[in-house]
Amino acid sequence: MQIIYKPVLLTDYRKQLAREYAQMHYGEPFDTIIPQAIVIHWTASNSMQAVYNYFYGEEASTDREYGKLNLTSHYLVDRDGTIYQLTPETNLNRHAIGLNWCSIGIENVGGVNGNQDLTDAQLESNEKIVRHLTSNYPSIKYLLGHYQQDRTKKAGLWKENISEYYADKPDPGPVFMQSLINKVNDLKLVTFPIIEPS
Ligand SMILES: [Zn+2]
């Protein structure tokens, strides 16, 4: 698998902000994780560079009420399938409320206006990343789309001290998640229902 290492700004200050985030949301200061889950996202943007620029800095431009740490995922996959690694895999990154303490995030460029338009090349790259991560981290047991976040509460994977800190998420949509789960079925990861029963 070809990975282009394209780090965001990784400084002691970013680590300090990560520890502050962990203290606020999880009750203890830490800046690295033991990965247990992989969370798949879309960026709701069509520009890899714009997303990268947004993730680059240490401090979030918004949302400071709940911590200054900026958003970033660990991986960013462009529409042609190019894989960028933005931080070490064990960094505590801010990409999924409730799950940052235990998860690696993969962002996919696309999903503007909620369109389920992620590409076949992105699907192949996500499969490669999931295989790479699960072979390197036997601690990883779960694979989910961000929109399935509520299901992790029953699984005991969700941690969040601030009850009102929550956001509904559509990404990356059931079509992409079903396709990805089908591709990595042999890994026997724990997954969640693709569509919520009504
Ligand atoms: Zn997301």
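Reply: Go ahead. One term before we start: helices (H or I, at least four residues) and strands (E, at least two) are DSSP runs, numbered from the N terminus. With that, S73 lies in the loop between α2 (48-56) and β3 (75-77). Keep in mind that this is a predicted model.

Me: Why is S73 called buried?

Reply: The cut-off is 20 or more other C-beta atoms within 10 Å. S73 has 27 C-beta neighbours inside 10 Å, so it counts as buried.

Me: And what is S73 in contact with, leaving aside its neighbours within four places in sequence?

Reply: H41, L86, N93, H95, G105, I106 and E107. The test for a contact is C-beta atoms within 7 Å. As for R94, it sits 21 residues from S73 along the chain, and the two C-alpha atoms are separated by 7.0 Å.

Me: On to the sheet. What is the order of its strands?

Reply: The sheet is open, has six strands and runs β1-β4-β3-β5-β2-β6, with mixed pairing.

Me: What makes β1 and β6 edge strands?

Reply: Each of them pairs on one side only, β1 being residues 4-5 and β6 residues 142-145.

Me: How do you know that β2 and β6 pair?

Reply: Pairing takes at least two bridges found by DSSP. Strand β2 (residues 37-42) and β6 have four, in the parallel sense, so by that definition they pair. In one of these strands, β6, G145 is the bridge partner of I40.

Me: Which way do the residues of β6 point, and are they buried or exposed?

Reply: Y142 and L144 point one way, L143 and G145 the other way, and all are buried.

Me: Now F176, in helix α5 (residues 174-183). What makes F176 count as buried?

Reply: F176 has 23 C-beta neighbours inside 10 Å, so it counts as buried. Not counting residues up to four places away in sequence, F176 touches Q116, L118 and L123. T72, by contrast, is 104 residues from F176 in sequence and 21 Å away in space, C-alpha to C-alpha.

Me: How do you know that the buried residues of α5 line one face?

Reply: Those residues are F176, M177 and L180. Seen down the axis of α5, they fall within an arc of 95°, so they line one face of the helix. In general, an α-helix has 3.6 residues a turn, so residues three or four places apart point the same way.

Me: What covers the buried residues of α5?

Reply: The cover includes β2, α3 (120-136) and β6.

Terms used
Residues numbered from 1 in each chain as written. Predicted model: local features only at pLDDT ≥ 70, side-chain atom pairs only at ≥ 80, totals over all residues. Buried ≥ 20, exposed ≤ 12 C-beta atoms within 10 Å, placed from the backbone. Contact = placed C-beta atoms within 7 Å. Arc of directions from axis to C-beta.
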